[in-house]
Amino acid sequence: MATPYAYFQKRFVPLPEAKIGIMTHAFLYGTATFEGIRGNWSDEQEQIFIFRLRDHFQRLHKSCRILRIGLPQSEDELCDITVKLVEMCGYREDIYIRPIAYKSSEAIGVRMHDLEDDFLMFVAPFGPYLDVEKGIRCMTSSWRRVPDMGIPARAKVNGLYVNSALAKTEAQENGFDEAIMLNDDGHVSEGSGENIFLVEGGRLVTPPVSDNILVGITRDTAIGLARDELGVETVERQIDRSELYVADECFMTGTAAHISAVVDVDRRPVGDGRVGPITAELQRRYFSVLRGRTEKYDHWLTAVTPKLVKP
Ligand SMILES: Cc1ncc(COP(=O)(O)O)c(C=O)c1O
């Protein structure tokens, strides 16, 4: 049986004991940054493979630099804490790991300076987020992506996710699975929790890092696998909204979303309205890597054997 634990105030504690006060600055103002990391259970090897763990902590450190949040633990230390926590929890299924670096002072007053910082992490079971088999239907959101001049999207800022939440709810309440957000200038940015790619004439096209996107780790994985395993190049350039309607294929990438085909945008089928061949092949390679079945990419995996906890 699995027992949820958290890493909180520099200790491992049972999850119900990890509580913050209601005056915590991060709760009052969203002054925190986080990562979403997946651990994928392998039935064959009876292990959880955490995907690109170090890369997530590298990004967390960058986010902290942007936000002026002190995170004294090195990437190595953060990786060690994660492995220990996942071991302790004992989950034998797919999991989601959520580290957060946050302004921990219990203080009123909106600012980033003269506040204490802390770090916490928890783990939760986490199955599929979007339908990776059938593909998803998307709408162009009426909400615009927050610009770098407002809240930098490349830092995974907790408060920024109000932007994503508004877009996701609008999409779902209108009968779609996911939102595609445009920038203020009308170019395509990303989904509420995913980067976006088109397939055009045998190449991948995706918005550049300067188009208010989170620089996704799955995005990087897809670009690398496409190039090295499929011989398919990626062009990073601005994308018009109407290109979404005429692309051969479209897919989204994200830790939660994996690689999910987009089969319809604004009630216009993408291609023939089914998962396209390049997307399907990329998904196949990606899931094989994730579950530890492609040795060449084992360096992206951190294997953890869950501890057996007696009920
Ligand atoms: C807004 C946003 N864009 C893109 C991504 C994809 O990033 P990654 O592949 O690193 O999970 C995420 C998810 O974490 C996200 O929240």
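Biologist: Which element gives the largest share of the lining of the largest pocket?

Modeller: First the general idea: rolling a probe the size of a water molecule over the atoms shows where empty space is left. Here, the largest share of that lining, four residues, comes from α4. A pocket is an open set of points on a 1 Å grid over the protein atoms alone, with protein on both sides within 12 Å along at least five of seven lines, and lining residues have an atom within 4 Å of a point. Helices (H or I, at least four residues) and strands (E, at least two) are DSSP runs, numbered from the N terminus. Keep in mind that this is a predicted model, where local features need pLDDT of at least 70, side-chain atom pairs count only at pLDDT 80 or more, and totals for chains, interfaces and linings use all residues. Residues are numbered from 1 along each chain as its sequence is written, and side-chain values use heavy atoms, with hydrogens and water left out.

Biologist: What volume does the largest pocket have, and how many residues line it?

Modeller: The volume, meaning the space filled by probe spheres set on the points, is about 480 Å³. There are 28 lining residues, and K156, Y161, S192, G193 and E194 lie nearest the centre of the pocket.

Biologist: Where does the ligand sit?

Modeller: In the largest pocket; "sits" asks that more than half of its atoms lie within 2 Å of the grid points. Around the ligand are 16 residues, and R59, Y161, E190, T218 and T255 come nearest. Being near takes a heavy atom within 4 Å.

Biologist: Which atoms of the ligand pair up with R59, E190 and I217?

Modeller: Look for N or O atoms within 3.5 Å of each other. A ligand oxygen is 2.7 Å from a side-chain N or O atom of R59, while a ligand nitrogen is 2.7 Å from one in the side chain of E190. For I217, a backbone N or O atom lies 2.8 Å from a ligand oxygen.

Biologist: And how many cavities of 30 Å³ or more are there?

Modeller: A cavity is a set of grid points where a 1.4 Å probe fits but cannot get out. This structure holds one of 30 Å³ or more, and the largest cavity has a volume of about 60 Å³. Its lining includes R38, H56, I217, T218 and T255. β4, α5 and α7 each supply at least two residues of that lining.

Terms used. Polar contact = N/O pair within 3.5 Å; in protein donor to acceptor, adjacent residues only side chain to side chain.
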